[in-house]
Amino acid sequence: MAETIRVEDDRTGIELETIKRAFLDNLFYLQGKTPDTATPNDCYMALASTVRDRLLNRWLNAQKTYREKNVKTVGYLSAEFLMGPHLGNNLINLQLWDTVEKAMKELGLPLKVVLAQEEEPGLGNGGLGRLAACFMDSLATLDIPAVGYGIRYEFGIFDQMIENGWQVEITDKWLRKGNPWEIARIDEAVAVKFGGHVESNFGEDGRYQAKWVPGDVIMGVPYDTPVLGYATNTASTLRLWKSEAFESFDFHSFNQGDYYGAVTDKVSSENISKVLYPNDEQAIGKELRLKQQYFFVSCSLQDAIRTHISRGNKINTFHEKFALQLNDTHPAIAVAELMRLLLDEWKLEWEEAWSITVQTLGYTNHTLLPEALEKWSVGLFQRLLPRLLDIIYEINHRFLDEVREHFPGDEARISRMSLVDEHGERYVRMAHLASVGSHSINGVAALHSELLAKSVLQDFYELWPKKFSNKTNGVTPRRWVVLNNPLLTKLICEKIGSGWISNLSALRQLEKYAEDPEFRKEWRECRHEVKKLLADEIKRRCNVKVDPKSMFDVQVKRIHEYKRQHLNALHIITLYNRLRKNPKLKIVPRTFIFGGKAAPGYYMAKLIIKLINSVGDIVNNHPATRDILKVVFIPDFNVTNSQLIYPAADLSEQISTAGKEASGTGNMKFTMNGALTIGTLDGANIEIREEVGEENFFLFGLRTDEVQYLKTGSYIPSDYLRVDEELRECIDLIASGHFSPEYKDLFKPLVDSLVHHDPFMLFGDYRYYIECQERVNEAFQDQDHWSKMSILNVARSGKFSSDRTINEYCTDIWRVSPVKVKVPPYHPGTDYKFKL
């Protein structure tokens, strides 16, 4: 009997030899290179193309399934998508890591070297963009039809260098070598209007009609990236918009000798998607930022409506087939833009258009900081978006009538709730617009949602309590454990199997092993190996030798005063002072690891970075501390550079002022990887503590109600200085120039802010923090018990999977169901017909 020969397509096959053959073909035909002339980047591009082929098979079949079944789709609108490198994550989700690693090894290419060539798309500042990326992963893993809508920034968040202790920003040219994961859909470009004026009249039927006559029209070109779920055929679409001019070259101007004018439209139009979040301290920065927000929202809504109609639907059922989620206030202009499209383009009556808009949109709030709730001057709105301002005025008029019906005579409430702030220069309040125009409003952690209803959006909660809910954030375990921590993944899978990767609550099975001395020993050995990897990286990048046996005390996140990296620095200075006084003091050797970027225009945050590095310079070299304490600031913290940090942490610093952090997701990543948390009752810390057990969490600090009480006027920072000698010694040491001998007053702005204002209550929490750190020091001395606590943190982290979060959105807000995608078997036939 003849042996059956399996024929695999080079673009979809997953056997070892097929992968090798496809890789070599792509190297030859796409990169134009042979193995003896290929650069590492050529090899990366060839492998990325090989992997992308396997994604496309699933992605295109998913799109076909959605069209044919006319499914309800989630549209996730976010100004940021911090996806991280694609190659490694796609290998995990395709379950091809081992095969590809072996294929590369047989070809003489270490997979690690190839992976290192990928430029990270820096299309986000931090938590907001990373959350959006986790959500895209979970949507696909759960088989939910979804599109992520955002901006294809040419230059992402800056690359960070540290020079003489200061942050230096370097342009992020992530596209310089090309992006093998995206496909430009030029034929699906849409037009976006700006400026001009509005002409109005009444039609023959007596209806009011408005026509926006724009001063400028810009083209939005979509670039699509498939986002594959784990162990499924579902691949969602990340659609990012690039701005372009309709005519990029003016021959008339060129022929008249105006060479710059010949390309002015191109330059001006492309500025919109040029850079992530321009510095908006200047008026031109504010204008560009508003343009960015409207540009991507208008493109996305036009695209969603086009998709809806192309599936044979009527415009008045749009809300039945699309659920659009606003990721914070950046896309809030969607309320007015969807109304414009329904009124002006589709000629619906106001009441029907409003009903569709509200039922379609949901709003996620991510902040309690008033300065982060965006508002735009009416003058700027009038100049850039005159038709939308008219619509916002009408929405506001009708909304305030509703408020008056519910709260007659309460003019103070009317003023507070108005979409337009009438105090001084008039502003459009975007959080208010999002709240009025959405059927749901959610916070991102239990405390955050509670405070949202009690403070920032209290008036709206009192009007529409049923609109409000909580959806605690989560992170994807595929990237943050499986990809980042293969050693821990292997250890866990050996004990409980791999089901936890797509059902994180299954990690509870680890609890019983926390009582097993042999498993605790394996756990410590595994963690030590991971810490050695980070120690090597720190030596390479920071030129500081650290001991993997020391406690790795880690705080990596955006640098901001409310996140209180400088409170951490005060603890280091306290230990430094104690050891100078008593070199025989029993302190567990500790490596303090920092990372994070400060906004380019945020001087105080930059000064905190400088302080950390200056303290490190002294502590790392002083005879009393250099063998016990080490301080390092790892530059350019991003998804790539976090890969070694989260798995290696012993202690996770989540020390923001209570009531300031909406949720935090870094805290979840640390917990999943076995770090213990020291933190305040803020954001998701509260829920982490509830899940892992208060005995496995180091709690300190003022509670939110205590912070709010002290903020009423009884908080005097100097009082804490007066009664706490160690705190006074720390501040005096900084103020004296001890850490800045080249310029003694260098840290004066920081010291003055703390002594006279201390808006985030470092002094109020200092003593609680120091005493809690003493408990940490004592606990770490018992390594066996610490290992048990570490195991329990991982075992009880299941709640913090983004899969759980997305399931809650699907059930409570979006009302969408999974749609399974079938990929037909490969057959080398040619029986295809085109529909042109």
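Predicted model: local features only at pLDDT ≥ 70, side-chain atom pairs only at ≥ 80, totals over all residues.
Let me begin with a term: helices and strands here are DSSP runs, a helix having at least four residues and a strand at least two, and they are numbered from the N terminus.

If we set aside residues up to four places away in sequence, Glu661 touches Tyr562, Lys563, Ser656, Asp682 and Gly683.

For a residue in a strand, I would point to Leu238, which belongs to strand S10 (residues 235-245) and which, at 2% relative accessibility, counts as buried. Beyond its neighbours within four places in sequence, Leu238 is in contact with Phe81, Met83, Met136, Gly148, Tyr223, Asp224, Thr225 and Val227. Val168, by comparison, is 70 residues from Leu238 in sequence, and the C-alpha atoms of Leu238 and Val168 are 31 Å apart in space.

In helix H4 (residues 97-106), the residues Val100, Ala103 and Met104 are buried, and because they cover an arc of only 95° around the axis, they lie on the same side of H4. As a general point, an α-helix has 3.6 residues a turn, so residues three or four places apart point the same way. The face of H4 that is turned away from the buried side carries Asp98 and Lys105, which are exposed. What do the buried residues of H4 pack against? They pack against helix H1 (16-29), H2, H3 and helix H5 (111-115). After H4 comes Gly108, which has a positive phi, near 80°.

Helix H28 (residues 704-714) can be described in the same terms, with Thr704, Val707 and Leu710 buried; these cover an arc of only 125° around the axis, and therefore fall on the same side of H28. On the other side of H28 we find Tyr709, Thr712 and Gly713 exposed, while the cover over the buried residues of H28 includes helix H17 (446-454) and helix H29 (717-723).

That leaves pairs of helices, which are described by the angle between their axes and the distance between the axes. Helix H2 (residues 40-69) and helix H3 (residues 87-94) pack at an angle of about 40°, and their axes are 10 Å apart. Angles from 65 to 115 degrees count as roughly perpendicular and those under 35 as roughly parallel, and H2 and H3 are therefore oblique to each other. Their crossing is left-handed. On the H2 side the contact involves Tyr44, Leu47, Ala48, Val51, Arg54, Leu55 and Arg58, and these meet Leu87, Asn90, Leu91 and Leu94 in H3; by class, that contact has eight nonpolar, one polar and two charged residues.

The next pair is helix H32 (residues 762-780) with helix H33 (residues 783-795), where the packing angle is about 110° and the axes are 7 Å apart, which makes H32 roughly perpendicular to H33. Val776, Ala779 and Phe780 of H32 make the contact with Gln783, Trp786 and Met789 of H33, a set that comprises five nonpolar, one polar and no charged residues.

My last pair is helix H22 (residues 565-581) and helix H30 (residues 725-735), whose axes come within 9 Å and cross at roughly 100°, so that H22 is roughly perpendicular to H30. From H22, the residues Leu570, Ile573, Thr574, Tyr576, Asn577, Arg578, Arg580 and Lys581 meet Glu726, Leu727, Glu729, Cys730, Ile731, Leu733 and Ile734 in H30. How many charged residues does the contact of H22 with H30 have? It has five, together with eight nonpolar and two polar residues, whereas the contact of H32 with H33 has no charged residues.

Methods:
Residues numbered from 1 in each chain as written. Heavy atoms only, no water. Buried < 20%, exposed > 50% of the residue type's maximum accessible area, 1.4 Å probe, protein only. Contact = heavy atoms within 4.5 Å. Axes fitted to C-alpha atoms, helices over the stretch in contact; angles between N-to-C directions. Parallel < 35°, antiparallel > 145°, perpendicular 65-115°, else oblique. Left-handed = near helix turned anticlockwise from the far one by under 90°. Nonpolar A, V, L, I, M, F, W, Y, C, P; charged D, E, K, R; others polar. Arc of directions from axis to C-beta.
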